[in-house]
Amino acid sequence: MNIKNQFKEGLITNNPVLVQQIGMCATMAITTTLFNGIGMGLSVLIILTCCNVVISALRKIIPNEIRLAIFVVVIAGFVTIVDLLLQAFIPALSKSLGVFIPLIVVNCIIIGRAEAFCQKNPVGASFFDGIFQGLGYTCVLIIMCVARELLGSGRFGGGLIDVANGFRFTLDGTGAGIQIFPSKYGAAILNLPFGGFITLGMLIAVMQYALKKSKKKKELAARLALEEAERKEAEA
Amino acid sequence: MNKIMKLALVLFLVCAVTAGILGVVNEITKDRIAEINRLATVAAYSAVLGADGYDTLDADTSAFPTVDKISLATNGAGHVVELTVPGAQGLITVAVGVAPDYTCTGISIISHSETSGLGANAAAQSEVGRSFREQFIGTDENVALTKSGGTIDALSGATITSNAVTTAVATAIRAVKAIG
Amino acid sequence: MLTSVISISLAAILTNNFIFAQFLGCCPFLGCSNKVDTATGMGLAVVFVMGLASAICWVVNEYILVVLKLEFLQTLTFILVIAALVQFVEMFLKKAVPSLYSALGIYLPLITTNCAVLGVVLLNVQNNYNFIESVVYGITGGLGFMLAIVLFASVRERIAFSDYPECFEGFPICLVSAGLLALAFMGFSGMRIV
């Protein structure tokens with residue numbers, strides 16, 4: 001398992017949301033502004049990486065019978081640390097994500113990676129797995145946020161970008177974002193729960209379409225190569 | 001039996017270490033979080049009623065279950081009422097300033113979980129949000145939305161949120177009247 | 001008191017449904033809704049655990065964590081309480097009510113990682129609910145979950161026979177139909193007991 005492979009797996013071929021189809025709740029709930037999406041994505045990335053490293057380092061000492069209980073305690077510990085730090089240093093983010101920060105504890109991505117990957121792999125590989133799976137998750141959140149925000153209220157980068165007095169990034173979540181078209185022409189329904197379900201559904205459908213297409217292409221290439229070889233053989 | 005004891009010991013140790021680390025992090029962040037929360041409340045209060053200090057009154061508000069607390073401005077500019085009312089998606093906490101003549105001096109939304117782009121506009125620092133909140137300045141306890149015959153224009157697509165805020169303002173003024 | 005209980009129940013089941021408005025518990029909602037039978041089993045198990053978890057966590061929070069000023073340990077404690085509770089309920093049902101156990105059995109372990117359960121206990125704390133309100137919120141939240149998952153399962157049984165684009169196979173078509181159900185539930189959002 002090399003790094004390049006892991007990168008590809010995390011972002012595309014084994015993306016936690018689009019392919020493994022776990023960690024749905026937060027994906028649909030908080031993706032209303034870019035600020036929320038990036039904040040949530042990075043929080044999960046940090047927690048996932050820390051948990052992966054700790055669990056992988058302890059993998060030989062953890063008794064098999066109570067491994068899940070220990071995973072949960074480690075995860076809950078890191079989640080609480082991130083929760084407290086967010087409350088202290090980025091209160092706006094902590095406020096707008098609300099109960100979904102502590103709920104990272106039961107996000108299947110983290111416990112799923114602990115069970116499926118870190119138990120069997122060394123610390124280094126687990127570290128990169130955490131980073132790449134976290135990045136894959138963050139990318140999905142960002143795509144969802146951008147799509148919902150743009151189509152729903154005609155904005156880009158809500159909470160994160162402010163253009164009122166020149167372009168600047170606002171880390172306190174107060175920026176109004178860039179208004180691309182007036183919000184009254186947006187499909188406000190995408191901001192509602194309905195929009196979360198639909199956008200994620202469409203996204204996964206596109207992903208499945210793309211994966212299927214690339215698989216077909218590969219099969220076609222393989223068949224052509226085979227035919228070529230057969231032809232050559234016949235010629236010989 | 002020995003095996004179980006060993007498992008319990010391992011689990012206990014992991015829990016203890018985690019709790020210890022959390023204790024340290026909590027110790028570091030505790031004061032900052034408390035300060036941030038206090039500043040947020042003060043900012044919300046001074047946005048609705050200009051004063052240099054606020055004393056929380058020990059008034060009986062059992063007739064107004066949505067009222068959390070009523071504070072008196074130290075300079076006699078009036079009262080600030082903090083209420084929590086149900087909105088479209090969850091609870092909305094609002095601070096309402098009430099002048100001595102029982103009119104609203106302004107409102108400020110302390111926390112909410114309304115839909116982004118619709119109900120959340122009530123709290124937003126945008127043009128839409130500000131003009132929505134400024135409508136309440138000078139209103140009395142009979143404040144109502146235009147569709148109920150009042151003067152407040154509801155936020156588009158967010159009647160429930162607008163109605164919740166309007167009810168909160170009316171309740172706040174009645175509560176201040178009730179305690180005199 | 002009665003009004004607050006009624007309005008909490010109404011919100012938890014209809015207007016602020018755990019699945020369709022708050023997105024809590026989506027994983028089992030999408031994972032266990034192939035058949036109406038399994039969905040009912042999962043729903044019942046969730047109602048049961050959410051009610052119990054709300055009660056126990058309220059007591060733990062009020063009389064241990066708040067007293068000792070250990071509120072920062074809430075998440076950790078609650079998840080451990082829920083995990084232990086699920087484990088305990090499983091053992092108890094196995095011994096005492098085997099018929100219920102065989103109906104719920106396989107769903108119980110899954111509930112530990114159901115974010116609706118941890119969500120409801122955290123929301124109870126956040127909303128400052130008292131003991132009765134917490135338990136009511138837990139049970140009715142569970143009922144809301146059950147309503148959602150049973151309705152959705154019956155929709156899915158029909159989806160199996162319908163014709164949709166190939167790339168929507170599996171999760172996407174489920175998400176789209178869940179979205180439409182969420183839209184239907186939005187119709188309740190005007191309801192309120194004042």
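Buried area is the accessible area, taken with a 1.4 Å probe, that two parts lose on being put together, summed over both. Keep that in mind for the interfaces on this tour.

Before you start clicking, note that this is a predicted model, where local features need pLDDT of at least 70 and side-chain atom pairs count only at pLDDT 80 or more, while totals for chains, interfaces and linings use all residues. Residues are numbered from 1 along each chain as its sequence is written, chains are lettered from A and ligands numbered from 1 in the order in which they are written, and side-chain values use heavy atoms, with hydrogens and water left out.

**Stop 1: chain A on its own**

Follow the chain along its sequence and the pattern reads α-α-α-α-α-α-α-β-β-β-β-α. The C-alpha trace of chain A spans about 75 × 55 × 30 Å along its principal axes.

**Stop 2: α6 and its two partners**

Two packed helices are described by the angle between their axes and the distance between the axes. Here axes are lines fitted to C-alpha atoms, for helices over the stretch in contact, and angles run from 0 to 180 degrees between N-to-C directions.

Now select residues 67-89 and 108-118 of chain A, which are helices α4 and α6. Their axes come within 11 Å and cross at roughly 135 degrees. α4(A) and α6(A) are therefore oblique to each other (under 35 degrees counts as roughly parallel, over 145 as roughly antiparallel, 65 to 115 as roughly perpendicular and the rest as oblique). Show side chains where the two helices are in contact, meaning heavy atoms within 4.5 Å: α4(A) brings Arg67(A), Leu68(A), Phe71(A), Val72(A) and Ile75(A), and α6(A) brings Ile110(A), Ile111(A), Ala114(A) and Glu115(A). By class, that makes seven nonpolar, no polar and two charged residues (Ala, Val, Leu, Ile, Met, Phe, Trp, Tyr, Cys and Pro count as nonpolar, Asp, Glu, Lys and Arg as charged, and the others, Gly among them, as polar).

**Stop 3: chain A against chain C**

Bring in chain C. The contact takes 34 residues from chain A and 37 from chain C, and the buried area is about 3,100 Å², of which carbon and sulfur atoms give 84%. On the chain A side, select Cys25(A), Val106(A) and Phe197(A): they lose the most area to chain C, together 21% of what that side buries.

Which residues form a salt bridge here? Look for Glu166(C) and Lys212(A), whose closest N and O atoms are 3.7 Å apart (a salt bridge is a side-chain nitrogen of Lys or Arg within 4 Å of a carboxyl oxygen of Asp or Glu).

**Stop 4: chain A against chain B**

In chain A, Val73(A), Leu84(A) and Ala88(A) lose the most area to chain B. Zoom in on Glu65(A) and Lys3(B) for a salt bridge at 3.2 Å, N to O.

Notes:
Helices (H or I, at least four residues) and strands (E, at least two) are DSSP runs, numbered from the N terminus.
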